[in-house]
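Work through the exercises below with the sequence and the model in view. Each task is followed by a worked solution.

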Amino acid sequence: MIIEGCLFPGCPEPKKTRGLCSLHYTYAYRLVKRKQTTWEKLEQENKVSPKRGIISKSNKWFLEGEVEGEVNIKE
Ligand SMILES: [Zn+2]
């Protein structure tokens with residue numbers, strides 16, 4: 001049985017934010033803050049979960065002018 005946990009390999013903690021436990025989210029957050037990476041890049045590499053899939057699709061359209069899949073404009 002697989003329990004959904006932190007995306008960080010071997011980390012036993014349950015996922016809390018963006019698919020990461022609070023510790024690894026903090027690491028990721030710091031790297032993004034220091035501009036060593038971006039949330040978008042981490043999402044593309046499946047290292048974090050999209051915060052809100054719907055919103056990020058809308059952002060993608062605004063930023064890049066293209067939309068993948070369905071866009072829910074409810075929010
Ligand atoms: Zn973790």
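**Exercise 1.** Leaving aside its neighbours within four places in sequence, which residues is Ser-49 in contact with?

Solution. The model is predicted: local features need pLDDT of at least 70, side-chain atom pairs count only at pLDDT 80 or more, and totals for chains, interfaces and linings use all residues. Residues are numbered from 1 along each chain as its sequence is written. Two residues are in contact if their C-beta atoms, placed from the backbone, lie within 7 Å. With neighbours within four places set aside, Ser-49 is in contact with Arg-18 and Gly-19. Next, take Thr-17: Ser-49 and Thr-17 are 32 residues apart in sequence, and their C-alpha atoms are 8.2 Å apart.

**Exercise 2.** Classify Ser-49 as buried, partly exposed or exposed.

Solution. A residue is buried if 20 or more other C-beta atoms lie within 10 Å of its own, exposed if 12 or fewer, and partly exposed in between. Ser-49 has 15 other C-beta atoms within 10 Å, so Ser-49 is partly exposed. For the chain, buried residues make up 11% of the 75 residues.

**Exercise 3.** Check the length of helix 1 (residues 22-33).

Solution. The expected span is 1.5 Å times one less than the number of residues. The 12 residues of helix 1 should therefore span 16 Å, and the end C-alpha atoms are 16 Å apart, which agrees. Lys-35, which follows helix 1, has a positive phi, near 60 degrees.

Key:
Helices (H or I, at least four residues) and strands (E, at least two) are DSSP runs, numbered from the N terminus.
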